[in-house]
Amino acid sequence: MQNITNKTNSIDVGTSGQIPEHILNSSEPVILRGLVNNWELYKAGQASNSQAIDYLKSADNGKPAIACIGRPEIQGRFFYNNDTSKLDYQSQKMPISEVLDLIMATLNAPQTPSYYIASSFVDKHLPSLRENNDLDISKHINSGLMSKPEMKIWLGNATLAACHYDTSDNIACCVVGNRRFTLFPPEQIHNLYPGPLELNPGGPAISMVDFNEPDVDKYPRFKDAIAAGQIAELTPGDALYLPRMWWHQVEGLSKFNVLINYWWNNVPNYLGEAMNVLQHALLSIKDRPLTEKKAWQQVFDYYIFSESTHAGEHLPEQARGSLGKIDELQARKLRAQLLNKLNR
């Protein structure tokens, strides 16, 4: 992605291991240089890959995780086959230590399969890892939210996670190996050509564009995405604050790479998942006549995408109902009404 010239903003947090309070309110990604330099896993990785692997194995409780394994031909890019009918790699359950042994055995091989463990819960698979490798994210976040911060691990050899977005805020900590994030703001979805919703490598839709060799005839709007993109280069010890809904491609650039991240949703836990609304709209609105869809777009702009108080501000407070502040009781009523209508 040598055509992207915008660099993600960064700040140096030194050896404090502390996240500046204002960062988690940013609408833009920010690199936190040196945030996890005091972690023991970081120190092991600075000594050698083998020491980092041994450190992780010592924390492994043996519970199988989902391992993604691709042929050497995919060169670390977990994607689709030529006709997008299936994924171009296999997934199987394996203890993390077994995957680490496979990575170690092929560390210096000229042609090696791609090994990747993605989004595995640290507390489930590596429970003792938190003791000397953790951030206190909770103190920055209100209680009673959609989700408490989840600590997850991503490890493998030189791999690439295709560009996608997440619906949670994210602190991604580069612990072993170098990482490159290629970032795009949410409005670039039109220029990134998302793939299928049902079949995808990790849950969210991924961009169909190969960023290293973009087919500009097939994906002509991608050049507009390039102009809006950012590059975040992370070295071990750095972290990236990534706001929800930002598109990001993640590359592990070293022979062995470990990333630990924290996800959370800074909204009340009684609110539903926004992705459910998209699925319902696909069912109920997508195939209606274009003129009707444009009318529904105006309705959604009025009720949903304006300020949350806009649609009900001209009504007496006692008459606003769901147009007022959604509390837990109102959320239960709305959910019951929706379930009743869906079950008819």
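**Chat about a predicted model**

Colleague: Hi! What is the relative accessible area of lysine 139?

Modeller: Lysine 139 has a relative accessible area of 49%, which makes it partly exposed. The scale calls a residue buried under 20% relative accessible area, exposed over 50% and partly exposed in between, using a 1.4 Å probe and protein chains only. Before we go on, this is a predicted model, where local features need pLDDT of at least 70 and side-chain atom pairs count only at pLDDT 80 or more, while totals for chains, interfaces and linings use all residues. Residues are numbered from 1 along each chain as its sequence is written, and side-chain values use heavy atoms, with hydrogens and water left out.

Colleague: Thanks! Where is lysine 139 found?

Modeller: Lysine 139 is in the loop between helix H4 (122-125) and S7. Helices (H or I, at least four residues) and strands (E, at least two) are DSSP runs, numbered from the N terminus. The C-alpha atoms of lysine 139 and glutamate 21 are separated by 9.8 Å, although the two residues are 118 apart along the chain.

Colleague: And which residue is 39 residues from glutamate 292 along the chain, with the C-alpha atoms separated by 48 Å?

Modeller: That one is leucine 253. Glutamate 292 itself lies in helix H8 (residues 290-303) and is partly exposed, at 27% relative accessibility.

Colleague: Switching to helices. At what angle do H1 and H2 pack?

Modeller: H1 (residues 40-47) and H2 (residues 49-59) pack at about 145°, and their axes are 6 Å apart. The axes are lines fitted to C-alpha atoms, for helices over the stretch in contact, and the angles run from 0 to 180 degrees between N-to-C directions.

Colleague: Which residues meet there?

Modeller: From H1 you have Glu40, Leu41, Ala44, Gly45 and Ala47, and they meet Gln51, Ala52, Tyr55 and Leu56 of H2. Contact here means heavy atoms within 4.5 Å. Sorted by class, there are 6 nonpolar, 2 polar and 1 charged residues. Nonpolar covers Ala, Val, Leu, Ile, Met, Phe, Trp, Tyr, Cys and Pro, charged covers Asp, Glu, Lys and Arg, and the others, Gly among them, are polar.

Colleague: Nice. How many aromatic pairs did you get?

Modeller: The count is 10 aromatic pairs. Rings of Phe, Tyr and Trp (its six-membered ring) pair if their centres lie within 6.5 Å, with planes under 30 degrees apart counted as stacked, over 60 as edge-to-face and the rest as tilted. One of the pairs is phenylalanine 79 with tyrosine 80, edge-to-face at 5.1 Å centre to centre and 70° between the planes. Phenylalanine 79 is buried at 10%, and tyrosine 80 is buried at 5%.

Colleague: Why is the pair of tryptophan 154 and tryptophan 263 called edge-to-face?

Modeller: Their planes are at 85° and their ring centres 5.8 Å apart, so the pair is edge-to-face. Tryptophan 154 is in strand S7 (residues 145-156) and tryptophan 263 in strand S14 (residues 257-268), so the pair ties together parts 109 residues apart in sequence.

Colleague: What lies over the face of phenylalanine 79?

Modeller: Arginine 77 does, at 3.8 Å from the ring centre. Likewise, the charged end of lysine 152 sits over the ring of phenylalanine 121, 4.3 Å from its centre. A charge sits over a ring if NZ of Lys or CZ of Arg is within 6 Å of the ring centre and within 35 degrees of the ring normal.

Colleague: On to the core. Which residues touch the most other members of the largest one?

Modeller: Leu56, Leu135, Ile171, Phe256 and Tyr262 do, out of 46 residues. There is also a second, separate core of 20 residues, including Ile31, Phe78, Leu183 and Leu240. A nonpolar core is a set of buried Ala, Val, Leu, Ile, Met, Phe, Trp, Tyr and Cys residues joined through side-chain atoms within 4.5 Å.

Colleague: How about isoleucine 206, buried or exposed?

Modeller: Isoleucine 206 is buried, at 3%. It lies in the loop between helix H5 (189-192) and helix H6 (222-228). Leaving out residues up to four places away in sequence, isoleucine 206 touches residues including Phe79, Tyr80, His164 and Trp247.

Colleague: Last one: what is phi of serine 119?

Modeller: It is near 55°, a positive value in a residue other than glycine. Serine 119 lies in strand S6 (residues 114-121). Methionine 245, also not a glycine, has a positive phi of about 80°, and it lies in the loop between strand S12 (239-242) and strand S13 (247-252). Most residues other than glycine have a negative phi.
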